[in-house]
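I opened this one to look up how the chain folds and what sits inside. Here are my notes, in the order I made them.

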Amino acid sequence: MYGLLNLGSLVLGLIAWILPTVNLMRNKKHGHQNWGILSMMSFGACAISLSFQIFYHNHLVTIEDWAALMDTTDAVAFATAVLLIGTILLNVMTLFLYHDRTTK
């Protein structure tokens, strides 16, 4: 059951990147009224994804699987940084692109 936390984290991390990417690639004829909602959904997916990793690491500590913790902690820390920086950059690009267009 706890293994699903890793799968959920991966899926939500992909969603966190897909939402702003789709938002950036939209045609001009669709309008850009809901770019803020999609950005908040992206940040929410990123936050839940990172929370799933924290819950999984907590599970490994609870069952005292120190070998698994030592094997995966570096990779998880790197992936966390990449996910967070990527999500922030994509959403900041969306902010700069659409903020001026929707305020006029």
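This is a predicted model: local features need pLDDT of at least 70, side-chain atom pairs count only at pLDDT 80 or more; totals for chains, interfaces and linings use all residues.

**Helix 1**

I began with the buried residues of helix 1, which are Leu5, Gly8, Ser9, Leu12, Gly13, Ala16, Leu19, Pro20 and Asn23. By buried I mean under 20% relative accessible area, with exposed over 50% and partly exposed in between (1.4 Å probe, protein chains only). Helices (H or I, at least four residues) and strands (E, at least two) are DSSP runs, numbered from the N terminus.

Residues are numbered from 1 along each chain as its sequence is written, and side-chain values use heavy atoms, with hydrogens and water left out.

Next I checked the length of helix 1: its 23 residues reach 34 Å from first C-alpha to last, close to the 33 Å expected at 1.5 Å a residue. The expected span is 1.5 Å times one less than the number of residues.

I then picked out asparagine 23, which is in helix 1 (residues 3-25). Is asparagine 23 buried or exposed? Asparagine 23 counts as buried because its relative accessible area is 0%. Leaving out residues up to four places away in sequence, asparagine 23 touches Trp35, Leu38, Thr94 and Tyr98. Contact here means heavy atoms within 4.5 Å.

**Whole chain**

I counted three helices and zero strands, and the pattern along the sequence reads α-α-α. Of the 104 residues, 32% are buried. Among contacts between residues at least 6 apart in sequence, 79% join residues at least 24 apart.

Which residues make up the largest nonpolar core? I found six: Leu12, Ala16, Ala45, Cys46, Leu50 and Leu83. Such a core is a set of buried Ala, Val, Leu, Ile, Met, Phe, Trp, Tyr and Cys residues joined through side-chain atoms within 4.5 Å. Helix 1 and helix 2 (35-62) each supply at least two residues of this core, and helix 2 gives the most, with three. I followed alanine 45 and saw contacts with Leu12, Ile15 and Ala16, leaving aside neighbours within four places in sequence.

The length of helix 2 also agrees with expectation, because its 28 residues should span 40 Å at 1.5 Å a residue and its end C-alpha atoms are 41 Å apart.

Glutamate 64 lies in the loop between helix 2 and helix 3. Its phi is near 60 degrees, a positive value in a residue other than glycine. For background, most residues other than glycine have a negative phi. Glutamate 64 counts as exposed because its relative accessibility is 54%.

Alanine 77 is in helix 3 (residues 66-103) and is partly exposed, at 47% relative accessible area. Alanine 77 and glutamine 53 are 24 residues apart in sequence and 9.7 Å apart in space, C-alpha to C-alpha.

**Record check**

Last, I looked at UniProt: an unreviewed entry annotates residues 6-25, 37-56 and 76-98 as "transmembrane region". UniProt positions are in the numbering used here, feature names are shortened, and annotations may be inferred rather than shown by experiment. In the model, residues 6-25 are 100% helix and 0% strand, with end C-alpha atoms 29 Å apart.
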